Amino acid sequence: MLDIFQNLLMGFQVALTPEMLFWVTLGGVLGTIVGMLPGLGPATGVAVLLPMTFTMGPTAALITMCGIYYGAMFGGSRSSILINTPGDGAALAATFDGYPMARTGRAEAALAMSGIASLIGGLIAAVMMVFIAAPVSRFAIKFGPAEYFLLMIAALSMTASMSKKNVVRGFISMFIGLMIATVGLDAQTGTNRFTFGIMELQGGIDFLIVIIAIYALGEVFKSYKSIQEGKVKMQTKFGKIWITKEDWKKCWRPILRSTPLGFIIGALPGAGGTMASLMAYNNEKQLSKNPDDFGKGEIVGLAAPEAANNASSVGALIPMLTLGIPGSGTTAVMMGALLMLGLQPGPLLFTNNPDVAWGLVASMFVGNLILGIVNIPLAGVLVRVLSVPPRILYPIVLGLAFIGVYAIGNSTLDFYLMILFGMLGLGMEKVKIPTAPMILGVIVGGTMEVAFRQALSISNGSYSIFVKSPISVSLILIIAVSILFPVVKEWIASKRKPLVASFMDGEDGGV
Amino acid sequence: MVKMKKMMAAVALTAVAALALTGCGEKSGEYPTGKIDCVVPGGAGGGWDTAMRTVVKTLQDTDLVSVPMPVTNLPGGGGGVALADLQKKVGEDRVLTIYSPPLLLINLNGSSEYGYEELTPIAQLMTDYGAFVVSKDSKYKTINEVMEALKADPTSVKFGGNSAAGSMDHLQFLVAAKAAGIEDLEKLNYISFQNNEGAAQLLGGHIDMLSTGLADVSALIENGDLVGLASTAEERAGEGVIGEIPTLKEQGIDAVFYNWRGLFGPKDMPAEAVAFWEETLATMVEAPEWSEACAKNGWSQTFAKSEEFKTNLDRYNEEYKVILDEIGMLKK
């Protein structure tokens, strides 16, 4: 225990030098800006800004990259809240209640809450990193292909059954997403699927294209009429970027619950921030006394996923630091950079380069704190986006969307795909099919399928592998509850009305 | 006025983003003038990735190349996704990629319609070897114990690798298994992982043995989490823990498997670009930085220029054809 504190102290000595403070702040601010742009999430952010780190020493480079990473996570939800366009998958859940809040004049509180929840999530996760990284990593490797498959099913079914009146529509949306995910060269056998002879499609359809299409383009499509008529009311007066006591009272428990969830999901290689934030959102919705408020500007629905996704970005460093394998797209880029700097990421980093490793851990505290401080005044500037008239704002959003999509694969085909998916999104909106399950389907579909096939090939084709471990069984229970709970709750509610309070006592049981 | 400022800010932001994304202006002069895209056909941290990044780092450290050489990972299909993508770059002179036996294998086993003839060989750089590793608590202490178990029941050992079925990690073990006298090669249970997750799966006990590159798992072997049962080298290669792994031959299994690696350009890469990289790489392999990196990663230097590399490739291709045919994985 004393060792940990000594090491951490050494880490802080590294992270608190003026030079490192400068880099983490600069990285954080640049990351925030990149994260706000549609399509440019943390992975692209780190990749684009990577050349900047080439001239630095390894510690400074790593700390700067982490600053960019956290900054992009902070920034991603800014655009979710203000223009309903998530910068990345992890910021998807922030649109659900963040944007309605902005629409109803609570943008200041939304921005503040997202910053505060991110900050708390990040700080607690950093503490967890210091003390329980090793056990969490031992837990993470227990996830074999069967467990991964079930985890993804759990996340999908939670998201699909999120709106209880629309469970069927949710699943339709999920299946569309899974269908989109099958496009491309099958990674197991190399067979072309649904590529129609178009070479660009062999690499599959990037989920970011779908996100940008549905949100950025969708928002423009939806508002097209009101832009013409000039009916949209703009916010002209802005309050202080802060939350009320009541907001805080409602949110602190959800934040504390969502942080460990995000941290652990983040530590599973390949799971990532999108799953963490969507699971946290759904979790809070199920626990809430007013689940109907979710999606209409409930601040809890913003705080929970924000805490979870920042915690997951800290957790994602665990596989890299303990096993030497990347835990997310962003850490994959960071790992590449580490290798180039001559460092071997993995268990030996703490022994061979303790200053780098502990400096990095300490920078998690410093970085999150600085980003929290920087983001509050920055939000005061950003919130004024809402005063930009739509006829100016939307063309800019559209331009950014096209740039963002082109940046993903340098392919013009992606433009057409984006327009196509934008129209699909609009059609889904018209028939009230939610789009979030589809997006998650696109994100996890490929990995889920591979995991399923790997599991069956481990078990020689026996399905019993899916119930073999305690983790699998727990996940199956979660899946069953997530699908049945909204249905049962609805059924109880409909029974309760005529029967009055006959079996109301058992209301909270069952979960 | 205030509105105007906001608009300007938004426009400026857009411009900055556009600039950052398109990679800025270009200098005029001799080749190479702009950035060189280095495509890695596999995930970060894998064998191809380590090799490519080491080449880039050495070229920059020795000042042989001063233009930026950003490395991008394009994993999938055992290298097939990147190979398909490179067909869009035919005739370009500013793209480099790295490949090894899977380039030939994915074509021979029918998983990719493209093969080595759809790329321009620039230079063969190094050779390394495969390794068969188990976790430290494994019941298998030697490679022969694994082979005995497989002889008794071909499905009893679940072995995985980071390349696709019918590609390198799969094949190198089959070559060893065949030499050890196992007959039902097609019954062996190979599980293919992506993004170099194989090591984590082995640590978690989801598979019994991992067939991989020697260098890929050196950190986990050094750390004591994994144990190397055998390498596919002719004689022990590399330093430290890697050098302590016994070869198949030492343990009475007469098999070797070479994992050559080399740089390629897209098909029809202009001759002056090929010549530039050939010469630059020939100079690079003489540098002490390169020798150090090779020793650290357990790579044997087997440099060959474009012409010779091409001849080698033709020969390798014939060799693999024979092996794949014997195990029934050759696409005819």
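What follows is a conversation about the terms applied to this model and the values behind them.

Modeller: A word on conventions: this is a predicted model, where local features need pLDDT of at least 70, side-chain atom pairs count only at pLDDT 80 or more, and totals for chains, interfaces and linings use all residues. Residues are numbered from 1 along each chain as its sequence is written, while chains are lettered from A and ligands numbered from 1 in the order in which they are written.

Colleague: Thanks! Why are H6(A) and H16(A) called roughly antiparallel?
Modeller: Helix H6 (residues 107-140) and helix H16 (residues 354-382) of chain A pack at an angle of about 175°, with axes 9 Å apart. Helices here are DSSP runs (H or I, at least four residues), strands are E runs of at least two, and both are numbered from the N terminus. Axes are lines fitted to C-alpha atoms, for helices over the stretch in contact, and angles run from 0 to 180 degrees between N-to-C directions. Under 35 degrees counts as roughly parallel, over 145 as roughly antiparallel, 65 to 115 as roughly perpendicular and the rest as oblique. H6(A) and H16(A) are therefore roughly antiparallel.

Colleague: Which residues meet there, between H6(A) and H16(A)?
Modeller: On H6(A) they include A:Leu111, A:Gly115, A:Leu119 and A:Met129, and on H16(A) they include A:Val361, A:Phe365, A:Asn368 and A:Ile376. Contact means C-beta atoms, placed from the backbone, within 7 Å. The residues of this contact divide into twelve nonpolar, five polar and no charged. For those classes, Ala, Val, Leu, Ile, Met, Phe, Trp, Tyr, Cys and Pro count as nonpolar, Asp, Glu, Lys and Arg as charged, and the others, Gly among them, as polar.

Colleague: What makes H5(A) mostly covered?
Modeller: Ten of the eleven residues of helix H5 (residues 93-103) of chain A are buried. Buried means that 20 or more other C-beta atoms lie within 10 Å of the residue's own, exposed means 12 or fewer, and partly exposed is in between, with C-beta atoms placed from the backbone. Among the buried ones are A:Phe96, A:Asp97 and A:Tyr99. Just after H5(A), A:Gly105 takes a positive phi of about 85°.

Colleague: How do you know whether A:Ser277 is buried or exposed?
Modeller: A:Ser277 has 33 other C-beta atoms within 10 Å, so the residue is buried. A:Ser277 is found in helix H11 (residues 272-287) of chain A. Beyond its neighbours within four places in sequence, A:Ser277 is in contact with A:Ala90, A:Leu92, A:Ala93, A:Pro305, A:Ala308 and A:Asn309.

Colleague: And what makes B:Ala237 buried?
Modeller: B:Ala237 has 21 other C-beta atoms within 10 Å, so B:Ala237 is buried too. This residue sits in the loop between strand E8 (226-231) and helix H9 (240-243) of chain B. Setting aside residues up to four places away in sequence, B:Ala237 touches B:Tyr129, B:Leu214, B:Ser231, B:Gly298 and B:Ser300.

Colleague: Why is A:Phe194 called partly exposed?
Modeller: A:Phe194 has 13 other C-beta atoms within 10 Å, so the residue is partly exposed. A:Phe194 lies in the loop between strand E2 (192-193) and helix H9 (207-229) of chain A, and has a positive phi of about 50° although it is not a glycine.

Colleague: Where does B:Asp268 lie?
Modeller: In the loop between strand E9 (258-266) and helix H10 (271-284) of chain B. B:Asp268 has 14 other C-beta atoms within 10 Å, so B:Asp268 is partly exposed. Its phi is near 55°, a positive value in a residue other than glycine.

Conventions:
Two residues are in contact if their C-beta atoms, placed from the backbone, lie within 7 Å.
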